[in-house]
Each structure stands twice: as structure tokens, then as C-alpha cells.
Amino acid sequence: MFQKASVSSFTAIAHPNIAFIKYWGNRDDALRLPANGSISMNLAELTTQTSVSLDPDLQRDKLVLNGQPEQGAALTRVSTFLELVRNAAGSRSFALVESRNDFPTGAGIASSASAFAALALAASAAYGLELSEKDLSRLARRGSGSACRSVPDGFTEWQAGTSDQDSFATSIAPADHWQLMDVITVIHSGEKKAGSTEGHHLAATSPVQAARVADAPRRLDDCRQAIFAKDFERLAFVIEQDSNLLHAIMMTSHPALYYWRGATMEVINSVRGWREQGIPCAFTIDAGPNVHVVCPADTAERVENQLREIPGVESVLVSGVGGAARLLVD
Ligand code: PMV
């Protein structure tokens, strides 16, 4: 009788994040070293849960996403990432990766950040690597740049660095530092035309990118100070300016990328109008048409209700500030 070798399995949870100062463009595509530093907040109410099980009987890696077996590009990306972990651990065992998002996939919320943060943690544990938070963040970065910011707690900053060694994210304030909310306004939940990997490649073709990158230290400092001082007005200005700079790059790349829809502009105008009336809220937009409306917790319900009234808004999700990626212990 053959006894099946025991399967070692580890499960991790991570939150996606919304960038206040955006990452767009790499100085090194293979290592995902960014052109500029970035700052984000983790989203507590949204989670990715990922289990990695090493099985000596597997002939290749397997990926199951939201209950569906995946082949092709998604599996290749995960397998390439696992190869980094295997090389570091000196292992040749393949793994079954089972991952589940508790937020609607395709709702325009970047799931690659929480996906690779959770995968980095579960895989490093399964392969027996004991990584510091810094090394875990460096590892997550290799799967998806913004994933490095989903590793530490709360409000996090990714220092661009100059090499694989010094490009990672740290927490600049814990999740309970400031009760901010992200009111995620879904305008279109379909697949986007151009993903962020393609966008990072195109960034350097925009004549505006050099100016955006050169000015990034000022915006990062402004955003960091606004978070430290819980100064919403200061935060609002810098996150909207940074988001507009990101979309200026996209619209002036070659070929150009346009992510906005009509309702995106409606939401922007509404947010600006509400702020003029004294309601603290500010918008920021990633690589898609959906608008993240950031506001203090006590304003979120009012903002959410008003956003739901705007024609073209499909749905609204609300999240506070989330914690660090963590392993689930049985
Ligand atoms: O981590 P990526 O390669 O999916 O890039 C993320 C890009 C943005 O979401 C637009 C900005 C950011 O910093 O999260």
C-alpha cells in the first residue's frame, strides 16, 4: 500500500488597495521597479482569500479562481510567480492555488493587488520561507506592482527604490489612524480593454510622463503630510491632481488609452459640486471608468446615497481602511 504524502496547505487573506498617489510606468518591467513611488489605503471590506497546497503528486501548478479551474495567461502568471518562491526555497514541488474574491470580479476593483499579496504570503508559508514584511512586499511586487502595497497595514507607501532590494512598501499609518471611506462607484463592470501591464509599457510614450514622475516627490510628500495631519482638504487636492495626471498620461500615450465613460465625468462633476457645498469628498480613478470617492466615515452614507442617484452608476460598494495581509491559522 502506498501512503499519499501529506499535502502542506496554507491560507492567506489580503485586501485590495486604492492608490492616492498612483503607480504608472516601470523603470524595469521584469522586476516591476516603478517609475515613481506611490501611496494607497487598503480596503477592509474587500478580501481575497488564497490557499496554496503543495502536492508531490502534481505534475504542474493548478489554479482555481472563484471555483473555476483556470488555464492560459492567468495560470502562467501564477506559475511564473510560484517559480520565484520555489527558487528561493530550493523546492521543485508544484502547487494547487485556490483563490476567491468576496467582491464582484470585474467590478473594476483591481484584484491583482490583493491576489498577489495573498499569494505571496500563502506560497511563502507553504514552501517554508520565513519572510519579513519587507521581503514579502518585495515578493508580492513581482506578481503585480500594486500588490506590494497590500502587504503592510492601513495606509502604505511603496518607495520606488533603485533595485529589487529596496523597492517595497511599508505602513505609514495604521488602519485605525483615520476613519476614511472609499465609496466605490461602479460605472461599468465589464472587462477593461487594456490592462495595467500594457498601460505601464505605454506610459513612457506620453510626453507628460517625465513631468509627472519629476513632480512625484512633491505629491508624495503632500499626501503623506495630509494623512499624518488627517487634513482632508489637503488630501482631496493632491489625490485629484494625481489621478488627473495619471489619466493625462493615459490619454496622451501612443496609442492613447481612454478609460472614462460619460458617467465618469458626471461623478467627477458631482463630487466637485458637493465639495463646494461643504461636503468633504474627493475622487480618484484607476485604469477603468469607475470612480473611487474618498470621504470621512461620517459623510460616507450621504455620499453613497447621492452617488446612487446619478444616471449611469451601476452599483456602489463602500469600504473603510483595511489591515495587513495575514495568514489564517486553523
Ligand atoms: O499593479 P498594477 O500593475 O495592476 O498597476 C496598478 C495601476 C493603478 O491601479 C492604475 C495605480 C496604482 O498605483 O494602483
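1. An open sheet is built from 4 strands in the order E2-E5-E10-E11, with antiparallel pairing. Strands here are DSSP runs of E with at least two residues, numbered from the N terminus, and two strands pair if DSSP finds at least two bridges between them. The model is predicted: local features need pLDDT of at least 70, side-chain atom pairs count only at pLDDT 80 or more, and totals for chains, interfaces and linings use all residues. Residues are numbered from 1 along each chain as its sequence is written, and side-chain values use heavy atoms, leaving out hydrogens and water.

2. Strands E2 (17–21) and E11 (168–173) are the edges of the sheet; each has a single partner strand, so one side of each is left without a neighbour in the sheet.

3. Strand E5 (residues 38–42) pairs with strand E10 (residues 155–159) in the antiparallel sense over 4 bridges. Met41 stands opposite Phe155 in E10.

4. Of the 13 residues around the ligand, Tyr23, Ser146, Arg149, Ser196 and His200 come nearest; a residue is near a molecule if one of its heavy atoms lies within 4 Å of it.

5. An oxygen atom of the ligand is 2.9 Å from a polar backbone atom of Tyr23. For Ser144, an N or O atom in the side chain is 3.0 Å from a ligand oxygen atom. A polar backbone atom of Gly145 is 3.5 Å from an oxygen atom of the ligand.

Conventions. Polar contact = N/O pair within 3.5 Å; in protein donor to acceptor, adjacent residues only side chain to side chain.
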